[in-house]
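Visitor: Hi! Could you walk me through this one while I have it open?
Guide: Happy to, ask away.

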Amino acid sequence: MDFTKEKAATHGTPALQADSGTDLPVIEIDQEAVDAKLGGLVDTLNKDLRTGTLDIPGFPDIAMRLNRALGDEDASVREIVQLINSEPGLVSRLLKIANSSAFTKTGKNIADLQSAVNRLGFKFILSAANSYSLKQMERQEALKPIRPWLAEIWLNSNAVAAISFVVAKRIGLMSNEAMVAGLLHRLGHLYLLVQAQKRGVNMQDDAAWDAIVTEWHATIAAEILVQWGLPAFVAEAVGSQDALTNADHCELTPFATLLASAKLYNSVRNRQSSEEAQRAAEILAPVELWGRSFLTVVAESADEIEEVRSAIS
């Protein structure tokens, strides 16, 4: 993916890593004003951004292995089934999703993995694997101190993914890719949380920590997706996920607009009387995708969105 500095600046997101001959993003902080552990995290992040080696310790690799396998045009259903069978928990999750009301139109339940793969499709399988991997992170004993944050990321990611998937399907955009973008848009938060936990960084009431997360999470998430080999337009949308709250977001692609709209809508959907919700409504009111009002499609699809959210959760 070639997500240039100019494009990133337009969307209000720090530039992603380019090639070794260009300027690379650098997080600058006052080392004397922050905790040494946070300073160490920033040093690691700058190195990882520069070398393209962003890593989330403990993140299950089943989703990455599936992505590589599905990138092979010659991959067969049998090969994908064999790969999924290496992760029994994912097998159980896929069977449950395939038999949920959101994906069982005939009322006929299935009991074997190959039928589940055929029903859901390769692209949706990848989305389910990503959701599964996020949930497995929450269960790791080493990450117990940050479980509340991990649980929030998982629930939020599922909700944004469900909105993105259903709206995309209704308007004719790439619905499975929209779900992947929704599920993975918080990877930057996940990276920072896990790295902070490793280093014993104090994440409570620390303005410097909050500023780093706010400014850099989208860039980090997009760069991780670049490393994983996901489509460029998915990584670009994730890197632009907060663009609707910036003054200059007119250059967003429809796909990026969908993700940004789904994230903003979900952030206030349970706080309709708040000032933030009123501001979000003003921002979202004029948003249209292929001539369809985003808010209208969401309202018309509320039941289906909840069905999908429940299925992938």
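Visitor: Leaving out residues up to four places away in sequence, which residues does Ser157 touch?
Guide: In this predicted model, Ser157 touches Leu134, Gly182, Leu183, His185 and Arg186, with residues up to four places away in sequence not counted.

Visitor: Where is the place of Ser157, in which helix?
Guide: Ser157 belongs to helix H8, which covers residues 147–171.

Visitor: And is Ser157 buried or exposed?
Guide: Ser157 is buried, as its relative accessible area is 0%.

Visitor: What lies 3.5 Å from a polar atom of the Ser157 side chain?
Guide: That would be the backbone oxygen of Leu183. Leu183 is also among the residues that Ser157 touches.

Visitor: Nice. Let me zoom out: how many helices and strands are there in the protein?
Guide: The protein has 16 helices and 2 strands.

Visitor: What percentage of the residues count as buried?
Guide: Of its 313 residues, 52% count as buried.

Visitor: What about contacts with a separation of 6 or more: what share comes from residues 24 or more positions apart?
Guide: Residues 24 or more positions apart account for 67% of those contacts.

Visitor: On to helix packing. At what angle do the axes of H10 and H11 cross?
Guide: The axes of H10 (residues 187–199) and H11 (residues 207–228) cross at roughly 110° and come within 6 Å. That makes H10 roughly perpendicular to H11, and their crossing is right-handed.

Visitor: Which residues make the contact?
Guide: On H10, Leu187, Gly188, His189, Tyr191, Leu192, Leu193 and Ala196 take part. H11 brings in Trp209, Ile212, Val213, His217, Ile220, Ala221, Ile224, Leu225 and Trp228.

Visitor: How does the contact of H10 with H11 split by class?
Guide: There are 13 nonpolar residues, 3 polar ones and no charged ones.

Visitor: Now H5 and H7. How do their axes cross?
Guide: The axes of H5 (residues 88–98) and H7 (residues 122–138) come within 10 Å, crossing at roughly 125°. So H5 is oblique to H7, and H5 passes H7 in a right-handed crossing.

Visitor: Which residues of H5 and H7 make that contact?
Guide: H5 contributes Gly89, Leu90, Arg93, Leu94 and Ile97. From H7 come Phe124, Ile125, Ala128, Ala129, Ser131, Tyr132 and Lys135.

Visitor: What classes do the residues in the contact of H5 with H7 fall into?
Guide: By class, 8 are nonpolar, 2 are polar and 2 are charged.

Key. Residues are numbered from 1 along each chain as its sequence is written. This is a predicted model: local features need pLDDT of at least 70, side-chain atom pairs count only at pLDDT 80 or more; totals for chains, interfaces and linings use all residues. Side-chain values use heavy atoms; hydrogens and water are left out. Axes are lines fitted to C-alpha atoms, for helices over the stretch in contact, and angles run from 0 to 180 degrees between N-to-C directions. Helices (H or I, at least four residues) and strands (E, at least two) are DSSP runs, numbered from the N terminus. Angles under 35 degrees count as roughly parallel, over 145 as roughly antiparallel, 65 to 115 as roughly perpendicular and the rest as oblique. A crossing is left-handed if the near helix is turned anticlockwise from the far one by less than a right angle, and right-handed if clockwise. Contact means heavy atoms within 4.5 Å. Ala, Val, Leu, Ile, Met, Phe, Trp, Tyr, Cys and Pro count as nonpolar, Asp, Glu, Lys and Arg as charged, and the others, Gly among them, as polar. Buried means under 20% relative accessible area, exposed over 50%, partly exposed in between (1.4 Å probe, protein chains only). A polar contact is a pair of N or O atoms within 3.5 Å; within protein, one must be able to donate a hydrogen and the other to accept it, and residues adjacent in sequence count only if both atoms are side-chain atoms.
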